[in-house]
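Please examine the sequence and the structure before reading the solutions.

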Amino acid sequence: MAGLGLWGIAALTAICTVAAGLALALFALLERRGTGRPNHAVPDRVAFLFDGEQLDHASEAAQTILARTQLDGDPTDPFSDISWNKVSRILRPRFPDLPRSAAQALQKAPCTIPADNPQDHARLDLAAIGGKLSVAIMGEAPPCASDRHLTIIQTSELRAVARAANLFPYPIWISRTDGQVIWANAAHGKLTNNPRLLSEQGQGILSTLDLDIPETSDETSQRVAVETGDPDRADWFSVTKMRSGQNGFLNFAIDINPVVEAEIAQHRFVQTLTKTFAQLSTGLAIFDRDRQLALFNPALIDLTALPAEFLSARPDLQSFFDRLRDNRMMPEPKNYASWRQHIADLVVAASDGRYHETWSLPSGLTYRVTGRPHPDGAIAILIEDISAEMSLTRRFRSQLDLGQAVIDTLDEGIVAFSPTGALTLSNTAFCTMWKLDPESSFAEMTAQDATRHMRAMCTKTDFWTDLREFLPRAFDRHVWFTDIRMKDGTPIECRVAPISGGETLVSFRLRPVLQGADASADVISVPPG
């Protein structure tokens, strides 16, 4: 600076002065171009005049606000038929204490309502003019260029957010600490004005959806049931409330009727299954994918003698079978070292549906144990008491063995055929006489197979043909006799008798050899029919 000299400093000062003047002139020009009016014009005031509940007049600034809030883009006249409700929705986010109706506001007039934000020095003046209500925003400073630019950006963003909020199918609203709603989307209005969703006291659902948020928390969620007038039905919402600012709350309500109905249906289905399982005589134990007992029925306690406290503690599969072994409710393993491996193999087999065992207990009981796979890796173990069934089977088998032993002591050959011609019964004398062993045949022996073999050992006779034709008869079945002769001359008396079940019993008895002329004669009785 010292090197510039006096003339240099003076020249620099002049240049700065000219530059500042040009900047001020340019700013003034931009101001005039940006506002479209001289810079000395007084900014228009936001003012509304109401005649009753309808808007009667609005200032130019107020008309601009109304036009910008037509979010649906309706090209018709935006100022026709505008009510207090619409204007109040525009003003209430800034002035929450604004009365709910124009009549209430007229009763309070004249009065001043401060802005909700402490940094906002504007106020809302309510005044009565000739029986009409005047609402005007006072105390606002004229905006500068930067404020206007930010306001335009914020207004554009706000319009996009408001449009999205109104298109959102679920209610969204902002409330104050006293529960007063200062902003809400379209879905909230439809919900609160639905006459079907009124309580018995005639009140709306706002109080029901307004949750109490703890002082130590910034957010809370809760399921809320709203009365519909139908005692068998309620509308369910999942309501979320979170703090927004110092004295505001942001609220969401989502319709969860399908979820609740699905949960109710699932609960009823589980109850039905539980009642069904409780009535089963088969013990049921379901182990989850971690092999812990997840479900059991009372029959399991009766069959295994395991205490309910033990089962309710959800033992794992290994502990369950160990307890059964300790109570001698399953066969004692010969080698306990291999017992663990046996249980591991059981789990694998049950997972594939291949586990099936019959347990003969020291007490004389017999259990059928089956393993079945279930969804999500679970395994179901079914324990069924088949002692009576096994006892009946053993008794039936004993009777069959006794009957077979009795007919094996007879001297005459006995054979039985089913209506379809299958050989179902024979005794030792029959096998010896005809050199047949039906038990040794791989396939089922038929009457045609047996008679073909016996015909080859006898002289010519029609008995075998008559016998095959007699077997499938359903009517005219009577006992009949005939005599045949083997090729070595041995006479045999044949007796054909129908028995129960449509089966036929054929007996062969050796006759003594006759002397003289009678020895060469066969006595034949033709079958009935």
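The model is predicted: local features need pLDDT of at least 70, side-chain atom pairs count only at pLDDT 80 or more, and totals for chains, interfaces and linings use all residues. Residues are numbered from 1 along each chain as its sequence is written, and side-chain values use heavy atoms, with hydrogens and water left out.

**Exercise 1.** State what share of the chain's residues is buried.

Solution. Buried means under 20% relative accessible area, exposed over 50%, and partly exposed in between (1.4 Å probe, protein chains only). Of the 529 residues in the chain, 33% are buried.

**Exercise 2.** Describe the largest nonpolar core.

Solution. A nonpolar core is a set of buried Ala, Val, Leu, Ile, Met, Phe, Trp, Tyr and Cys residues joined through side-chain atoms within 4.5 Å. The largest one has 27 residues, and Phe320, Trp359 and Ile381 are among those with the most contacts inside it. Next, consider Phe320: beyond its neighbours within four places in sequence, its contacts (heavy atoms within 4.5 Å) include Ala285, Leu300 and Phe310. Apart from this core lies another, of 26 residues, including Leu436 and Cys494.

**Exercise 3.** Is Phe269 buried or exposed?

Solution. Phe269 has a relative accessible area of 51%, and is therefore exposed. Phe269 belongs to helix α8, residues 257-279 (helices, H or I, at least four residues, are DSSP runs numbered from the N terminus).

Key
Helices (H or I, at least four residues) and strands (E, at least two) are DSSP runs, numbered from the N terminus.
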